[in-house]
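Keep the viewer open and click along.

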Amino acid sequence: MKVARWIASLLAVLVAGSVSAHAFLDHAEPPVGGVVHAAPARVEVWFSEDLEPAFSTLKVINAADKQVDRMDKSVPGGDRSRMSVSLNAALPPGKYRVRWRAVSVDTHVTQGDFTFEIAP
């Protein structure tokens, strides 16, 4: 009886741990804090968990706090752990901030931002 209770408790802890997962930023292109020498066509971000695309956002902002993406956030190729947004043509050199909000499939919300730079 004690063994059965112990196993049930262990399973409850393991299941609770996996259910409470959050989608955290894994990597991005351009890279977080990276410097590129030509304006990228898109910004792509990958997360540690699958997302609910309808409730997740991705924006690219310039130094004047103006949105410079085309507002066409997508989940390329059906990969729900990845978001992408295209950028306006020929962005000038400068620093850009990527703001993201990820709602994972278990409805937990994470958000953050990072910068990249387009060098002359």
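Let's start at Ser-74, which sits in the loop between strand 4 (57–61) and strand 5 (82–86). With a relative accessible area of 28%, Ser-74 is partly exposed, because that value falls between the 20% cut-off for buried and the 50% cut-off for exposed. Leaving out residues up to four places away in sequence, Ser-74 touches Arg-42, Arg-82, Met-83 and Ser-84. Ser-56 is 18 residues from Ser-74 in sequence, and their C-alpha atoms are 9.8 Å apart.

A word on confidence before going further: this is a predicted model. The chain averages a pLDDT of 88, with 83% of its residues at 70 or more. The stretch to treat separately is residues 6–19, where the pLDDT is below 50. Beyond near neighbours in sequence, that stretch has two contacts in the model.

Glu-44 lies in strand 3. Is Glu-44 buried or exposed? It counts as buried, at 16% relative accessibility, because the cut-off for buried is under 20%. Again setting aside residues up to four places away in sequence, the contacts of Glu-44 include His-27, Ala-28, Glu-29 and Pro-76.

Four strands make up an open sheet in the order 2-7-6-4, with mixed pairing. Its edges are strand 2 (35–36) and strand 4, each of which pairs on one side only. Strand 6 and strand 7 run antiparallel and are joined by ten bridges. Within that pairing, Lys-95 stands opposite Glu-117 in strand 7.

On to the aromatics. How many aromatic pairs are there? The count is two, and here they are.

| Pair | Centre to centre | Angle between planes | Arrangement |
|---|---|---|---|
| Phe-47 and Trp-100 | 5.1 Å | 70 degrees | edge-to-face |
| Tyr-96 and Phe-116 | 5.7 Å | 25 degrees | stacked |

Phe-47 belongs to strand 3 (residues 42–47) and Trp-100 to strand 6 (residues 94–103), so this pair ties together parts of the chain that are 53 residues apart in sequence. Phe-47 counts as buried at 5% relative accessibility, and Trp-100 counts as buried at 9%. The stacked pair also links distant parts of the chain: Tyr-96 is in strand 6 and Phe-116 in strand 7 (residues 109–118), 20 residues apart. Tyr-96 and Phe-116 are both buried.

That brings us to the inside of the protein. In soluble globular proteins, nonpolar side chains tend to be buried together. Here, the largest nonpolar core has 21 residues. Which residues have the most contacts inside it? They are Phe-47 and Val-60. Strands 3, 4, 5, 6 and 7 each supply at least two residues of this core, and strand 6 gives the most, with four residues.

Apart from residues up to four places away in sequence, Phe-47 touches Ala-23, Phe-24, Leu-25 and Asp-26, along with Ser-81, Met-83, Trp-100 and Ala-102.

Notes: Residues numbered from 1 in each chain as written. Predicted model: local features only at pLDDT ≥ 70, side-chain atom pairs only at ≥ 80, totals over all residues. Heavy atoms only, no water. pLDDT = per-residue confidence, 0-100. Contact = heavy atoms within 4.5 Å. Buried < 20%, exposed > 50% of the residue type's maximum accessible area, 1.4 Å probe, protein only. Phe/Tyr/Trp six-rings, centres within 6.5 Å; stacked < 30°, edge-to-face > 60°. Pairing = 2+ DSSP bridges. Core = buried A, V, L, I, M, F, W, Y, C linked by side-chain atoms within 4.5 Å.
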